[in-house]
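Thanks for making time this morning.

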Amino acid sequence: MLLVKLFVTFFKIGLFSFGGGYGMLSVIQGEVVTRYSWLTMSEFTDIVAISQMTPGPIGINSATYVGYTAMNNAYGSLPLAVLGSVTASLAVMLPSLILMLIISRYLMKYSKSAGVNAVFRLLRPAVVGLIVSAALLLMSAENYGSLPDEPLRFCVSVLITIVAFIAMRRKVSPILILVASGIFGALFYGLVQ
């Protein structure tokens, strides 16, 4: 039953999420953490971090890891966990594949159309909103700490975020930013704990 729910959930996510993987993150979190409780917020945050560091699109990587973790949490079986990861991955990719096969035929024909250009202009702000929503979702007390309870952790987390944002704006390699943030975080949290 969980396998069917995974497929249906990730098919819907793939069908109705715009803006790529980062746009999907808030929808995935809403479904797998809030709605179905297949994962804890901590597990989801770890999955997002791993999905960003591994090659491939973050939305598909997240689906793969969520499918694996959800099935493993429910059944504790490696074969079922692998089946869950394959099911979630295929389900999240399938709508895009179907839509692209259908749309590509007509998009090339009507790409200069005012109506098509108007739709893309309307989708851009929605995509930005979904990406910002995903970023804000990850800025939780679980990830950043809270100012009253853990002021040092909170301030360091905010500082890392600001420095990473500035570095991205200055076109520093995202890989370098991830590595530097990871090293700094490991050093800081290793010293604090």
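This is a predicted model: local features need pLDDT of at least 70, side-chain atom pairs count only at pLDDT 80 or more; totals for chains, interfaces and linings use all residues.

Residues are numbered from 1 along each chain as its sequence is written, and side-chain values use heavy atoms, with hydrogens and water left out.

Helices here are DSSP runs of H or I with at least four residues, numbered from the N terminus. Helix 3, residues 41–53, has 13 residues and reaches 19 Å from its first C-alpha to its last, close to the 18 Å expected at 1.5 Å a residue, where the expected span is 1.5 Å times one less than the number of residues. Its buried residues are M41, F44, T45, I47, V48 and S51, buried meaning under 20% relative accessible area with a 1.4 Å probe, protein chains only. They cover an arc of only 160 degrees around the axis, which puts them on the same side of helix 3; the arc is that of the directions from the helix axis to the C-beta atoms.

Helix 4 has 18 residues and reaches 25 Å between its first and last C-alpha, close to the 26 Å expected. Its buried residues pack against helix 1 (2–16), helix 2, helix 3 and helix 5 (78–110), and just after helix 4, G76 takes a positive phi of about 65 degrees.

How do helix 3 and helix 4 pack, in terms of angle and distance? The angle is about 140 degrees and the axes are 9 Å apart, the axes being lines fitted to C-alpha atoms over the stretch in contact, with angles running from 0 to 180 degrees between N-to-C directions. Helix 3 and helix 4 are therefore oblique to each other, since angles under 35 degrees count as roughly parallel, over 145 as roughly antiparallel, 65 to 115 as roughly perpendicular and the rest as oblique. The contact, meaning heavy atoms within 4.5 Å, involves residues including I47, V48 and S51 of helix 3 and S62, Y65 and V66 of helix 4.

Conventions:
Helices (H or I, at least four residues) and strands (E, at least two) are DSSP runs, numbered from the N terminus. Buried means under 20% relative accessible area, exposed over 50%, partly exposed in between (1.4 Å probe, protein chains only).
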